[in-house]
Amino acid sequence: MTDNVVELRKATKLYAGVPAIKDVDLQLRRGEIHALVGENGAGKSTLTKALSGVVSLTSGQLFINGVEVSPRTPLEARQLGVAMVFQENSLVPTMTVAQNLFLGQEKFYNRLRGIYIAAQQFLQSLNFDVPPTATVGLLGAAKKQMVEIARAVLHQAKVIVFDEPTATLTPEEKAYFFDLVRDLKKRGVSIIFISHALEEALLLADRITVLRDGKHVVTDDAANFDRARIVQTMVGRDLSNTLYGKRKTTVRPSGERILSVQNLKMAPMVKNNSLSIFAGQITGVFGLVGAGRTETFKIVAGVLKRDFFYGGEVLLKGKPVRYRVPAPAVADGVAYITEDRKVEGFFETMSIARNVYLGLLSKFPRGRFLLSRREADQTGDDWISRLKVRAISPKAKVVELSGGNQQKVVIAKSLVQEPDLIIFDEPTRGVDVGAIVEIHDLINKLADDGKAVVVVSSYLPEILALSDRILVSRQGKVVEEFSALDATEEKIMYAAIH
Ligand SMILES: Nc1ncnc2c1ncn2[C@@H]1O[C@H](COP(=O)(O)OP(=O)(O)OP(=O)(O)O)[C@@H](O)[C@H]1O
Ligand SMILES: [Mg+2]
């Protein structure tokens, strides 16, 4: 009857009476790669969750291969041939790769060994280099994703939805992932691909659909789009000049030396690392994944939970410190704003205001700063409007927010503590173009207010747009320093690789 594997007609999902998506029509063709783009909260995840049985539509119709269906669970959707690889992945971290792959099918294998052998053969057939006996929680982001993809292929999915699959991948892993998606396409699988990296959508997709405020704006061949047209349709206004590409003509001078790291060592990631961070400016820290940047700053902020061996010194305003947990670091004015919001970010079943308030409380561990419920809500609301957190209701629980808006809550929760040294680790990952502008404005304002700001980022345009000075990290230590005035992408990349 139709070449459309999936078709949505007038799809609507209400939360507490408010639409997350409204009257959306979408067709997914057989064997196409279809990118879904839109601002944080535009409804991308909701739409694809409706396809994959995670949520049910309030009204509207879903057709798979021309037949109207209404999957009520991810399992039902999988039986209809639709699999979803989630924004925050859905594997069981304490189980092995093989157990995750065959979850629910163990009864077909009389011994655990049978599962491992089957998994081994299957992973090899996909050319995936993942050990079937490895515990999933210990795998890196790319490998976890391979396991999710393998599981979808194993279940003979005809449609695979990827919700921000590349956000946590290194450039090499991304290239590999793109090959994989193209390979799935060759096998006749239809792909929906959600990403805030618009270049990726342009590069990978056959067609692109833009959502805005829960509504369908346009669907067209990728060849008919460029970055400017996507952004324009996403936000309904032209943002192109406010984004990256502008070069700094002045840099902020160094203020007081707030942090000094000397010969820091932590096997195997940090090797004799030394660096200084100054008040009143933004220091960008660039490096490829595995360059030891995150680990260095986690040691500084007391965030690394395990007691790895480490040597060397950390001086905060000239005073030696060695935090083993975050609380005393927070009390001394050090904030580490994490890249991994799911694991370390917040209490997701509490409201936004509560989360912000807990951030405030954790600075005063002995309850010296108890606010009334009303004051706490007020503080939360202030931050929600400052960071333009978009939620259906101000009482929304964090788990109900879209991914990018959750990231803003993580930031609010730390800034409410009024720290002097603020370390941002990949601050705009998963954040839409409009919100990136907002977060960058905020980071600039912190430096203007005299704070010492560190931005760890793997995204060079972000480093260049924000930094006054740039440290390049390679194999566990800082190897070069540039003033923003004479840094170029080429110079920084060269230092990061050679
Ligand atoms: N369980 C829920 N309860 C209430 N509101 C929700 C729930 N899930 C999503 N929403 C709201 O629906 C809207 C759409 O959210 P959705 O997660 O689909 O956005 P998104 O386009 O995926 O955004 P992002 O790019 O930030 O991931 C948002 O306003 C969000 O707050
Ligand atoms: Mg989303």
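**Reading a helix and a ligand shell**

Mentor: The cover over the buried residues of α6 includes β3 (33–37), β7 (159–163), β8 (190–194) and α7 (198–204). Contact here requires C-beta atoms, placed from the backbone, within 7 Å. Helices (H or I, at least four residues) and strands (E, at least two) are DSSP runs, numbered from the N terminus. This is a predicted model: local features need pLDDT of at least 70, side-chain atom pairs count only at pLDDT 80 or more, and totals for chains, interfaces and linings use all residues. Residues are numbered from 1 along each chain as its sequence is written, while chains are lettered from A and ligands numbered from 1 in the order in which they are written.

Trainee: Which residues of α6 are buried?

Mentor: A residue is buried if 20 or more other C-beta atoms, placed from the backbone, lie within 10 Å of its own, exposed if 12 or fewer, and partly exposed in between. In α6 the buried ones are Phe177, Val181 and Leu184. Viewed down the axis of α6, they fall within an arc of 60° (taken over the directions from the helix axis to the C-beta atoms), so they line one face of the helix. On the other side of α6, the exposed residues are Pro171, Glu172, Ala175, Asp179, Arg182 and Lys186.

Trainee: Between which domains does ligand 1 lie?

Mentor: Domain bounds come from an automatic or database domain assignment. Ligand 1 lies between domain 1 (4–242) and domain 3 (347–417), because both give residues to its shell.

Note on methods: Contact = placed C-beta atoms within 7 Å.
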